[in-house]
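Hi,

Here is the structure I said I would pass on. Have a look at it first, and then read my notes below.

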Amino acid sequence: MSTLRIWLVQALVIFLTAESIAQLLDPCGYIYPESPVIQRGSNFTAVCVLKEECLERYHVNATYIVWKTNHVAVPKEQYTIINRTTSSVTFTNMASLSVQLTCNILTYGQLEQNVYGINILSGFPPDEPKNLSCIVNEGKKMMCQWDPGRETYLETNFTLKSEWATEKFDDCVTKRGTPTLCLVNYPPVYFVNIEVWVEAANALGKVTSEHINFDPVDRVKPNPPRNLTVNTSEEMSTILKLTWINPSIKNVIRLKYNIQYRTKDASTWSQVPPEDTVATRSSFTIQDLKPFTEYVFRIRCMKEDNKGFWSDWSEEAHGITYEDRPSKAPSFWYKINPSHIQEYRSVQLIWKTLPASEANGKILDYEVIVTQWKSFSQNYTVNDTELIVNLTHNRYVITLTARNLVGKSDAAVIIIPGQHFKASHPVVDLKAFPKDNMLWVEWTAPHKYVRKYILEWCVLSDKLPCIPDWQQEHGSVHQTYLRGNLVASKCYLITVTPVYSIGPGSPESVKAYLKQAAPSKGPIVRTKKVGKNEAVLEWDRLPVDVQNGFIRNYSIFYRTIVGNETVVNVDSSHTEYTLSSLSSDTLYMVRMAAYTDEGGKDGPEFTFTTPKFAQGEIEAIVVPVCLAFLLTTLLGVLFCFNKRDLIKKHIWPNVPDPSKSHIAQWSPHTPPRHNFNSKDQIYSDGNFTDVSVVEIEANDKKPCPDDLKSLELFKKEKISTEGHSSGIGGSSCMSSSRPSISSSDENESAQNTASTVQYSTVVHSGYRHQVPSVQVFSRSESTQPLLDSEERPDDLQLVDNVDISGDILPRQQYFKQNCSQSETSPDISHFERSDQISSGNEEDFVRLKQQQVSDHISQSCGAEQMKMFQEVSATGAFGPVTEGQVEQFEPVGMEAAIDEGIPKSYLPQTVRQGGYMPQ
Amino acid sequence: MKVLAAGVVPLLLVLHWKHGAASPLPITPVNATCATRHPCHGNLMNQIKNQLAQLNGSANALFISYYTAQGEPFPNNLDKLCGPNMTDFPPFHANGTEKAKLVELYRLVAYLGASLGNVTRDQKILNPNALSLHSKLNATTDTMRGLLSNVLCRLCNKYHVGHVDVTYGPDTAGKDAFQKKKLGCQLLGTYKQVISLVAQAF
């Protein structure tokens, strides 16, 4: 009872709960249609109908309805209020795949409350399936596939339908992952036509494909033949027999076959002519195979009438044909190695192993027969591919045969000519070029029958020796490729030698690359010579190992630090190049690139600086300047030389030798104390041209007290040192003279004397060994500086010697008396003046001397000086001088001590030989 | 059997291709309804020949496979146990007209089909591991279905025969295993002989 009560309570609770949930879940309205699926691009209208109780509960009507799609309000323009409870919304051209549409109402306080919601799906109806085709794999069920057409964006079911004329089969529904094919669930029944089609259906429609009607046996793909085996025939080396087991389908249909075969190493298949295998069979004999060659076979089958599909290929089967005698003679050649024995040649016979296609079996050995002309033969059996024999210098014929289990090959013959044989007739137009990743060699045959050609090649390298490889070609071949392991970027030296019946012809060589590449290294450029505006660049040719191809050209890139790069292309035959138009005193960076057909490679950069001056530019400036200077100097010297007398008068006036003055002559007993130096030679008797003139400042009022003082001092000094000098003579004025004495002592003495020198000589004895009647003191009033003759008694002796020899010329002496204070400018003026004077005529000169005498008499220069002038005047008076005598004496020099406005006086002094001027 | 239920003609066959059905049906009158799902193919006779050849080609293997699968004493007592001595086997006259031969072929194939159905059912029970035999039995049965469709199509299209009365062999459902094996072996032995004659007749 209690149990029943509990049950009732539980049932009541469940009922009430369900009722309340139902009330809670009861929507306020509905949207129609509830699950719409529409075609994309079409229009769609939804209607929301509110319940009456909701209208009353929320105090709303249809105008309060708000439509939303994917939580976004739909524009009011799309709304239509149908009645108090119903509102519709219309969408045009629906493009979205899936849209969530909700119907909402605005309750009190503008609160939005959801009423109902639906999902709108859009897509396309299915297209008609196209290209329906079926295949029946033998032993399996039929499978059909088709092209479904465009994407529908909707769940679309494809159903494969099939039927006989008398019955229908179960539908084949595609699986979700493979909607375009279907495997039927019934076994294929052959020889009964079946009709098949595809039905595609989704929410927007259903469409069926075109029906196809066929016999399944015409869609069969048989299983491949199995247990394919190859049987060798020992009777024939060119056939192999294949056997196999046909697939089970051969009990139903007739089969045809494809049989393919290839050699083991080949990649392409050969096929037995299809017409030979059009009937069902289980064996076939393949013919025309190569002896001793391993072949690979495979087979497939299909329905005889070509309806259906080829089976897959069977598993491959291998078989080797039986051996046959070698079909060709081996390639045969020789090399003559240097031999130490004069009588023999070491000949290395070399040959190539026959390729398998020509050996036709395993080569057991080679037989070499060496036959000397008209002599015996010698046989060798060799397992290797070379044989070295010593041959004389005669002609030999050597044959080679290869032997296998079945027999011998044809003989290969080479003729080794005698030592004096000269090869000729080379091939012409030899060319080598890469093609199809092989290095081809082409040539034109010489105009002579060629038995064969020998092609030799090796890699040219700077480091490795040339190790040649070789091959032989038939005499009719003019083009072939090198059958060696050639590598790219290597330079091959290829030599072609024609072989004639009498021996080998002259070889011809050519270089070639299998494949060129850019050089590994670039050329290293350097400067050979750098000029102001040009630079000579030089470089070495790239080694063969790094060329990687034929160097076609070089490019020189040069630039300054800030300038653009300039490129110059240079032919590959050059190894130097001159860059011109460069800027002086500029740093240049230059590099070179070498180019092959496949690219280039830059070398290292080299920098150089152009000099500021071109070579020789400085010399071009300096040398002309120096030359001009030298020329000027030379001209100056020449000028001076030509005008030396004139110049000498200006800068080195002749100084009269006091010792040769008249006073000295007047004192013939004065012992010779001085020797004339070389300068005195100038005043040798024969050279005395100038007239000795003593220029006296007649109008100089200054008494020259300083000079007088100096004169006094000099007098004292003279007395103390020589003793022979006396103070009788002396000049009241300071005499000046040029320092014409080279010796410093002499200079010094000259300077000393230049200050105040008292020219006076005490004559102790007669002049020139003449005994004067009366020993007198002759006093010179000259103010000339002391000459060397006074300091050097030797000079006087020289004079004496001259006198002794009898070449007695009247010595000319002149005094110069200068009262000027200055030693320089007055001298110059005096020189000019005297020069002018010297150019005057003789009459003027005489008249001037007379005037000077008269003027000097009145000059108050001191008593002694006055006296001397008187004496001179007396001399002029008592010693009548003829005009001719005057002419004998050239003026030695003149000193003009002239102040402006001061008249000059000249005192000509002439000395008659052996005579004395009267005192 | 579900497949065969589709269509009018198959419906007739279904009614009489039950295991154990025994009463033969008379030939349908010429004016009987003769409708097919789609037009029959024009190469029906060639297909029938190929089907007969196919059946003939596989009959012996089926027979061998059957008695081998049954084990002793069948392989060594084929004459006694598997001899073609079935009395109710539909007759076939190779020298008749094409229409007559087709009608007799129809009855023969209907009979064999039904009997092979019984044998197949029994062998799946008696020799569940004899998969090769099962496969052969199924393949033969399927081929006979196709042959029957072609023959009926030919009769219907050319001779407008929409219905043929057929007979069936004894139902083996209530027999013991050996009897089932023996009846099956006798059926296949007879089939091997008859199908050879029929194949040659077309």
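Before anything else, a word on burial: I call a residue buried under 20% relative accessible area, exposed over 50%, and partly exposed in between, with a 1.4 Å probe and protein chains only. Keep in mind that this is a predicted model, where local features need pLDDT of at least 70, side-chain atom pairs count only at pLDDT 80 or more, and totals for chains, interfaces and linings use all residues. Residues are numbered from 1 along each chain as its sequence is written, chains are lettered from A and ligands numbered from 1 in the order in which they are written, and side-chain values use heavy atoms, with hydrogens and water left out.

Disulfides

A disulfide here is a pair of cysteine sulfur atoms within 2.5 Å. That rule gives eight of them over all chains.

Cys458(A) and Cys466(A) make one, at 1.6 Å from S to S. The torsion about that S-S bond is -90°, a left-handed link.

Cys172(A) and Cys182(A) make another, with the sulfur atoms 1.7 Å apart. This disulfide is left-handed too, because its S-S torsion is about -95°. The bond links distant parts of the chain, ten residues apart: Cys172(A) lies in strand E13 (residues 172–173) and Cys182(A) in strand E14 (residues 181–183), both of chain A. For the labels, helices (H or I, at least four residues) and strands (E, at least two) are DSSP runs, numbered from the N terminus. Cys172(A) is buried at 6%, and Cys182(A) is buried at 4%.

In chain B, Cys34(B) is joined to Cys156(B), with 1.1 Å from S to S. The two are 122 residues apart, Cys34(B) in the loop between helix H1 (8–16) and helix H2 (44–70), Cys156(B) in helix H5 (residues 131–159). Cys34(B) is partly exposed at 26%, whereas Cys156(B) is buried at 3%. If you number the bonded cysteines of chain B in sequence order, the pairing reads 1-5, 2-4, 3-6.

Where the chains meet

How many residues of each chain are in contact? It is 18 from chain A and 22 from chain B, with contact meaning heavy atoms within 4.5 Å. Together the chains bury about 1,800 Å², and 56% of that is on carbon and sulfur atoms. Buried area is the accessible area (1.4 Å probe) that two parts lose on being put together, summed over both. Ala165(A), Thr166(A) and Phe191(A) supply 35% of what chain A buries against chain B, more than any other three residues.

The rule finds two salt bridges across this interface, a salt bridge being a side-chain nitrogen of Lys or Arg within 4 Å of a carboxyl oxygen of Asp or Glu. One of them pairs Glu163(A) with Arg37(B), at 2.6 Å from N to O.

Strands

Two strands pair if DSSP finds at least two bridges between them. In chain A, three strands form an open antiparallel sheet in the order E19-E20-E23. Its edges are E19 (226–232) and E23 (283–286), each pairing on one side only. E19(A) and E20(A) (residues 240–245) share five bridges in the antiparallel sense, and Asn231(A) has Lys241(A) as its bridge partner.

Five bridges also join the antiparallel strands E41 (residues 525–530) and E42 (residues 535–539) of chain A. Lys529(A) is partnered there by Val536(A), and a hairpin of four residues connects E41(A) to E42(A).

Which peptide bonds are cis? Tyr32(A) to Pro33(A) is one, with omega about -5°, and Pro33(A) is in the loop between strands E1 (29–32) and E2 (37–39) of chain A. Glu72(B) to Pro73(B) is also cis, with omega near 15°.

Asn437(A) is not a glycine, yet its phi is positive, about 60°. Asn437(A) is exposed at 66%, in the loop between strands E33 (428–435) and E34 (438–444) of chain A. Asp585(A) likewise has a positive phi, about 55°, and is partly exposed at 49%.

Cheers
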